[in-house]
Amino acid sequence: MGSQGIRVAIQAMDSIAGPRPGVLFLVATPIGNLGDLGIRARELLRDADLLLAEDTRHTAQLLHATGVTRTAGAIESLHEHNERERVPRVLERLKAGASVALVSDAGTPTVSDPGAPLVRAAIEAGIEVVAVPGPCAIIAALSTSGLPTDRFTFEGFLPARTSARRKALERLAAEPRTLVFYEAPHRLRETLEDLARILGGDRPAAVAREITKRFETTYRGALSALALRAAQDADMNRGEIVIVVRGAPEAGAADEVEADRVLRALLVEMPVSQAARLAAKLTGRPRKALYDRALALSPDE
Ligand code: SAM
């Protein structure tokens, strides 16, 4: 960028920095490293008329640790348990001309965090909603995974219950886009085992742990190797975690979906080996591959 370009960029920054009356700002905050708090984010945390936080004590600590002293009123809470009841009052403040900044405990508000109902209500009320972008664990993990980033699907947290989780994964088995999941550390091992079993043990994947923090580590490899490592390496199961998995190969994906449909129907009626033999006849796919797949799909397994 030439000096003219830099001047233009700085002017653009000046003209949109800081709180504006009647605007709802969604402010991203660090997911570990406090140095990731952006300049605009600092200004809004300091100067917005109303600062809404998922946990006020947590945000007070962030302000203290980053040397931000609020010029305006106190911090108020907005979390999943009080969000709906708080929304009308927040809208009133916005309509009366207050600038409002919303933060969650870490990362981008509304992404697996509170805020979406407020955003919807503000849009319906004709209020301007502005992002102050910054840290987000999905994007950080995706960018370092080494897997395709041009198309991806964020699946949030998988269901905690085994059967619901497996069903969710079966629905994703033929998804060609890169898959991104949040996961709790104590469930990492069983989730990786299910991913390997249902999506295929040789699928390339990455587990990003403690991003931007002291013990930040990215584990890359085939799903089966990652599952094995999670069973053997206690450190891998500690801290905050994002799992990124390569999507299913495009070619033949439709065939796989069809084979699964046939296998599921047969498995209700007969044992795995018989279902695989019959499915091979019906679909023309190799019996061994269908047998392995039938084992993964079998409700008894
Ligand atoms: N809004 C946040 C964001 O923008 O990333 C996500 C909030 S969600 C409640 C918390 C989950 O995000 C964690 O359980 C973990 O899966 C992921 N996460 C957050 N910070 C992380 C970090 N530093 N390293 C790895 N994963 C992280």
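Predicted model: local features only at pLDDT ≥ 70, side-chain atom pairs only at ≥ 80, totals over all residues.
Residues are numbered from 1 along each chain as its sequence is written, and side-chain values use heavy atoms, with hydrogens and water left out.

Select Phe 154 and Tyr 182. Their ring centres are 4.9 Å apart and their planes stand at 70 degrees, so the pair is edge-to-face (planes over 60 degrees apart; under 30 is stacked, the rest tilted). Phe 154 belongs to strand β6 and Tyr 182 to strand β7, so the pair ties together parts 28 residues apart in sequence; strands are DSSP runs of E, at least two residues, and helices runs of H or I, at least four, numbered from the N terminus. Tyr 182 is buried at 11% relative accessible area, while Phe 154, at 27%, counts as partly exposed (buried is under 20%, exposed over 50%, partly exposed in between; 1.4 Å probe, protein chains only).

Next, show strands β7 (residues 178-183) and β10 (residues 241-245), which pair in the antiparallel sense over five bridges; pairing requires at least two DSSP bridges. Tyr 182 stands opposite Val 242 in β10.

Now widen the view to the open sheet of five strands, ordered β6-β7-β10-β8-β9 with mixed pairing. Its edge strands, β6 (152-157) and β9 (217-222), each pair on one side only.

Technical notes
Phe/Tyr/Trp six-rings, centres within 6.5 Å; stacked < 30°, edge-to-face > 60°.
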